[in-house]
Amino acid sequence: MFEGIVIKATSGYYTVQSESGQFVCSLRGRLRKDDTIVTVGDRVQGEEVRPGVGVIETVLPRKSELIRPRVANVDQAVIVCALTQPEPDLNLLDRLLVVVGREGVGAILCFNKADLVSEYMGRKIARPYRKAGYTALVTSAMTGKGVKRLRSFLKGKISVFAGPSGVGKSALANAIEPGLTLETGEISEKLGRGRHTTRHAQLLALQAGGFLVDTPGFSKLSLDGIEKEELRFYFPEFLRYEGLCRFLGCLHYREPDCAVRAALQSGEIARSRYDHYIQFLEEISAIGYEKKYDKGKGGRNVLE
């Protein structure tokens with residue numbers, strides 16, 4: 001018997017890294033019968049059937065799980081956003097922060113491709129996130145800017161790289177650990193978007209300790225499953241005003257005497273972050289409304 005961590009999953013086979021080496025494993029029949037999902041990052045127990053080959057017997061309980069990308073037992077998400085080429089998608093960035101925050105996964109932000117913009121622009125885009133309490137690095141895979149500091153945050157942890165295609169996730173991973181030699185893609189001049197260069201998620205060992213996961217790029221994340229009453233807890237800059245609004249459980253939408261909206265007016269909270277919060281709130285409310293009522297009925301505001 002052996003115990004280890006799944007570092008790669010492709011076509012029903014799982015590469016498991018254990019103290020005694022690597023095993024390429026299939027699932028025990030009862031796990032397949034139960035439709036057990038095994039994913040990168042899972043800790044498993046298995047039995048060796050011949051040298052380097054095994055069968056997974058048990059999937060141990062997960063401490064965290066991300067769905068898109070699907071990775072288990074992640075300590076932190078390194079969310080990469082390009083400063084240019086493609087232009088920064090802060091709506092997607094804030095959506096990603098909500099998703100990983102709900103899963104209890106820490107976040108490190110990398111505003112990448114700093115070599116293509118001014119230092120002022122890099123600081124300007126990162127500033128609202130630093131003010132909100134996030135660790136926000138301005139990086140360049142080309143020049144090495146911020147790479148040493150990012151590497152220090154990864155030591156001893158399982159970190160997932162997330163973000164849309166073309167922002168430089170694979171290039172950053174290669175800069176952190178040159179031996180990875182991950183495939184990188186060019187930006188389509190016509191579409192302004194990157195090609196998917198990572199075909200599947202895999203967990204990669206770092207020489208300094210820890211693992212990172214390079215994942216396929218994506219452009220959309222559903223907020224289905226998040227309740228409108230909980231959304232505010234995934235905007236850390238709102239938390240300092242919790243309990244200061246007139247109404248308990250204030251949604252910071254249109255309620256009078258809202259401390260968060262007062263902080264917005266005074267410049268303590270970034271307008272872009274608040275606008276995305278309202279957009280997400282309305283999206284979540286619409287999802288809930290459609291589930292409860294037939295489409296087209298009513299016509300009232302879904303946040304009423």
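**Charges and salt bridges in a predicted model**

Colleague: Arg130 lies in helix H3. What is the relative accessibility of Arg130?

Modeller: This is a predicted model, in which local features need pLDDT of at least 70 and side-chain atom pairs count only at pLDDT 80 or more, while totals for chains, interfaces and linings use all residues. Residues are numbered from 1 along each chain as its sequence is written, and side-chain values use heavy atoms, leaving out hydrogens and water. Buried means under 20% relative accessible area, exposed over 50%, and partly exposed in between (1.4 Å probe, protein chains only). Arg130 counts as partly exposed, because its relative accessibility is 39%.

Colleague: Which salt bridge partner does Asp42 have?

Modeller: A salt bridge is a side-chain nitrogen of Lys or Arg within 4 Å of a carboxyl oxygen of Asp or Glu. Asp42 counts as buried, at 0% relative accessibility. Its side chain meets, at 2.6 Å (N to O), that of Arg62.

Colleague: How many residues apart in sequence are the parts tied together by Arg273 and Asp94?

Modeller: The side chains of Arg273 and Asp94 meet in a salt bridge of 2.8 Å, N to O. Helices (H or I, at least four residues) and strands (E, at least two) are DSSP runs, numbered from the N terminus. Arg273 lies in helix H8 (residues 271–292) and Asp94 in helix H2 (residues 90–102), so the separation of the parts in residues is 179.

Colleague: Are Arg273 and Asp94 buried or exposed?

Modeller: The pair forms a salt bridge. Both Arg273 and Asp94 are buried.
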